[in-house]
Amino acid sequence: MPALASYARIYVDDLDRALPTFLDLTGEQPALRFAYRDLELARIGGYLLIAGTAEALAPYRATQATTVVTSLDEILALTGRHGGEVLDGPNQVPTGRNLTVRHPGGAIIEYVEFDTATRARTAE
């Protein structure tokens, strides 16, 4: 169950204003861009930009990273073995399924298992 990729979460108030800086920084175009609840998200390089109002972002700010994995079921088993706590999920999301875990020691990580369509888009 290796982690396939991890992304630093960057919270911004306006995705369209934030993207040009990250385009120049990474030299890449967003690999994913989508809406979720009251948020807009874009993955570009090693970053996951998350845009919304202060109120919309508040429930997500404690999450420190997003990690793409092959299996959320394996993350659930790992969480149980190590005494972690599932804070949210598993949920259906626009890119597949996600799960947020507080690990022993306090790290809060969102795990995402991409659906087939998202895997195909991000492999390009």
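At 25% relative accessibility, Tyr47 counts as partly exposed, a label for values between buried (under 20% relative accessible area) and exposed (over 50%), using a 1.4 Å probe and protein chains only. Phe22, at 13%, is buried. This is a predicted model, where local features need pLDDT of at least 70, side-chain atom pairs count only at pLDDT 80 or more, and totals for chains, interfaces and linings use all residues. Residues are numbered from 1 along each chain as its sequence is written, and side-chain values use heavy atoms, leaving out hydrogens and water.

The structure has 1 aromatic pair. Phe22 and Tyr47 make it edge-to-face, at 5.1 Å centre to centre with 70 degrees between the planes. Ring centres of Phe, Tyr or Trp (its six-membered ring) must lie within 6.5 Å to pair; planes under 30 degrees apart are stacked, over 60 edge-to-face, and the rest tilted. Phe22 sits in helix H1 (residues 15-26) and Tyr47 in strand S4 (residues 47-51), 25 residues apart. Helices (H or I, at least four residues) and strands (E, at least two) are DSSP runs, numbered from the N terminus.

## The sheet

Now for the strands. An open sheet of 8 strands runs in the order S2-S3-S4-S1-S5-S8-S7-S6, with mixed pairing; strands pair if DSSP finds at least two bridges between them. At the edges are S2 (32-36) and S6 (85-93), each pairing on one side only.

S2 and strand S3 (residues 39-44) run antiparallel, joined by 5 bridges. Arg33 stands opposite Ala42 in S3.
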